[in-house]
Amino acid sequence: MRQTIHTDKAPAAIGTYSQAIRVADTVYLSGQIGLIPDTMTLAEGDISNRIHQVFKNLSAVCEAAGGNLQDIAKLNIFLTDMSHFATVNDIMAQYFQQPYPARAAVAVKQLPKDTDVEMDGVMVLSHY
């Protein structure tokens, strides 16, 4: 059985997708960019502001699903410029504790709303 996850504390979907879908104890998190939920505008300034906003958005969706960032088992990061990889690592360390999730970081040509970072992931809610 699939359950749609939605929260007003994260940006509304800007396409034909849900913020997340829960199937049993697994939550599939849709990609989040640095949109501020109240204004639906990108966080201004350098990329670090948008990276922080992405983690805030992911956190809000995780919480709406009954978990938190630590429950993310797999995180995918998309960057339009891999020179920001170290910045992502530094900021990610502020939001996650060991054991860190499995992760991929991929350079892409373009992202929605012409932003420079997007992340999605898979969260597992069962604790053993």
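With which residue does Arg 22 form a salt bridge, and how far apart are the closest N and O atoms?

Author: This is a predicted model, in which local features need pLDDT of at least 70, side-chain atom pairs count only at pLDDT 80 or more, and totals for chains, interfaces and linings use all residues. Residues are numbered from 1 along each chain as its sequence is written, and side-chain values use heavy atoms, with hydrogens and water left out.

The partner of Arg 22 is Asp 25, and their closest N and O atoms are 3.5 Å apart. A salt bridge here is a side-chain nitrogen of Lys or Arg within 4 Å of a carboxyl oxygen of Asp or Glu. Arg 22 has a relative accessible area of 23% and is partly exposed; Asp 25, at 35%, is partly exposed as well. Those words follow cut-offs: buried is under 20% relative accessible area, exposed is over 50%, and partly exposed is in between (1.4 Å probe, protein chains only).

By this rule the model has two salt bridges. Asp 116 and Arg 50 also form one, at 2.8 Å from N to O. Asp 116 lies in the loop between β7 (102-107) and β8, while Arg 50 is in helix α1, so this pair ties together parts 66 residues apart in sequence. Helices (H or I, at least four residues) and strands (E, at least two) are DSSP runs, numbered from the N terminus. Asp 116 is buried at 14% relative accessibility, and Arg 50 is buried at 11%. As a general point, side chains of opposite charge can pair when their charged atoms come close.
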